[in-house]
Amino acid sequence: MNSMKILIIGGGIIGLAIAIELRRRGTSVTVLSRDFKEAAAHAAAGMLAPQAEAIPSGPMLDLCLHSRSLYPEWIAQLEAITGIQTGYWPCGILAPVYERGGWGDGEMGRWGDGESRREGAGEQGSRGAFFTQHSTLNTQHFLQHSTLNTQHSLLNTTWLDREQIHQFQPGLGSEVVGGWWYPEDAQVDNRALAQALWMAARELGVDICEGVAVEEIDRQHDKVKSVKTSAGEYKADRYVLATGAWSNQLLSVPVYPKKGQMLSVKVPSSDLKQLPLQQVLFGTESYIVPRSDGRIIVGATSEDVGFTPENTPAGIQALLSRAIRLYPQLQDFPIQEFWWGFRPATPDEMPILGESELDNLILATGHYRNGILLAPVTALLLSDLILHQKTAPLLAHFHYSRFDK
Ligand SMILES: Cc1cc2nc3c(=O)[nH]c(=O)nc-3n(C[C@H](O)[C@H](O)[C@H](O)COP(=O)(O)OP(=O)(O)OC[C@H]3O[C@@H](n4cnc5c(N)ncnc54)[C@H](O)[C@@H]3O)c2cc1C
């Protein structure tokens, strides 16, 4: 037991994961959570997909792969503490490709959440330009572009040609000409996980203050003196900023919301015994994530519209047409739900982790599209930093100062 008091601002997946790790190491932790329900943690698809995301070799891929490797044990501990099944499923991810993209250029950037990653893999930061020039994708592109192939040769990955992929996954759209199989990518039911994290934090003795919004970080010299909230002033020895897409409202950090619309359908009850999909389909324009209970999550748009809430007809139409193109039989499945959420995006699509310009404030934000995946490694590395001033070499790559250059 140590006597340090930590205050975490934000009780989404990142804030709660850090709170639990610190508490397990004997620290006194309070979480201030404005609204648990608004967290992106509930809106996500739950893919644990460093390979399907085609993150280029480098610190971000290393961080993501490390986190994916921590998942089985992390989940087992959470499930043991809470009794909640989180739907962790190392099902693998299949990433089919089309001969030609075929969708309008202008719309791709706004609505497409699938291929943007893979096409842009070798060109982080220049994705927009890439789209304008190469909006139609062909298989040759994958085979010739070396960044991906180098990555594939180092990691466990298989290329499937047209015949192989249709055999491997019956029911794919006829335009699919091949694809990558990533057997080690996985998924988790992010909503169940969020509940498990909340309950585990409570069980372990984290003080969660739900409905408390931090309004201002009160500074004195180079330190946080206290935080002013909707429920009065809070003080601690150290503070953690984990407010996701809203981080820029409290501190000047380059984090902005990227809206994602989602929907779900359900496998008809006659097919529930033998689910037609047993792995995630990570398509060139959308993804389809089958849960083991028969729900199927379809995502996602990627929109720069600030915090504009709600689903739109255009967003849902784009999701449906792209999902049906990838996996046509989905058109007859009953629709269950529509929802949306805000990813905490950064200019280089990497999280901001570690020290801040204030001595006693740690940053844990900007996890963009990989916050579910990155929760365990974020909690581990930042707890080491907070309690032992231990900066893992990997952590240095995610320091906020990279944006000062
Ligand atoms: C459509 C969509 C699909 C996604 N799919 C995936 C996926 O498949 N895999 C994956 O790994 N990631 C995915 N993500 C990304 C992932 O959901 C996020 O990266 C992750 O949830 C970020 O976690 P967080 O804790 O930083 O933020 P959040 O989960 O958004 O939580 C932030 C919390 O901070 C609180 N807060 C904000 N301001 C204040 C304040 N002033 N005071 C107190 N509390 C405050 C909010 O109320 C909120 O509860 C997806 C996201 C979206 C939107």
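This is a predicted model: local features need pLDDT of at least 70, side-chain atom pairs count only at pLDDT 80 or more; totals for chains, interfaces and linings use all residues.
Colleague: Where is the kink in α12 centred?
Modeller: On Val377, with a bend of about 35°.

Colleague: Is α12 mostly covered or mostly uncovered?
Modeller: Mostly covered, since 13 of the 18 residues in α12 are buried.

Colleague: And what follows α12?
Modeller: Gln389, which has a positive phi, near 50°.

Colleague: Switching to the ligand. Which residues come nearest?
Modeller: There are 45 residues around the ligand, and those that come nearest are Gly10, Gly12, Gly244, Gly260 and Gly371.

Colleague: Which elements supply at least two residues of the shell?
Modeller: α12 (371–388) is one of them, and the others are α1 (13–24), β2 (28–33), α2 (40–43), β13 (256–266) and β17 (335–345). The largest share, 4 residues, comes from β17.

Colleague: How does the shell divide into nonpolar, polar and charged?
Modeller: The shell around the ligand has 25 nonpolar residues, 15 polar and 5 charged.

Colleague: Why does the ligand lie between the two domains?
Modeller: Because domain 1 (5–85 + 189–254 + 348–403) and domain 2 (93–183 + 257–345) both give residues to the shell around it.

Colleague: Now the whole chain. How many helices and strands?
Modeller: The chain has 12 helices and 19 strands. Of its 405 residues, 47% are buried.

Colleague: What share of the contacts join residues at least 24 apart?
Modeller: 75%, among contacts between residues at least 6 apart in sequence.

Conventions: Residues are numbered from 1 along each chain as its sequence is written. A residue is near a molecule or strand if its C-beta atom, placed from the backbone, lies within 6 Å of it. Ala, Val, Leu, Ile, Met, Phe, Trp, Tyr, Cys and Pro count as nonpolar, Asp, Glu, Lys and Arg as charged, and the others, Gly among them, as polar. Domain bounds come from an automatic or database domain assignment. The bend at a residue is the angle between axes fitted to the seven residues ending there and the seven starting there. A residue is buried if 20 or more other C-beta atoms lie within 10 Å of its own, exposed if 12 or fewer, and partly exposed in between; C-beta atoms are placed from the backbone. Two residues are in contact if their C-beta atoms, placed from the backbone, lie within 7 Å.
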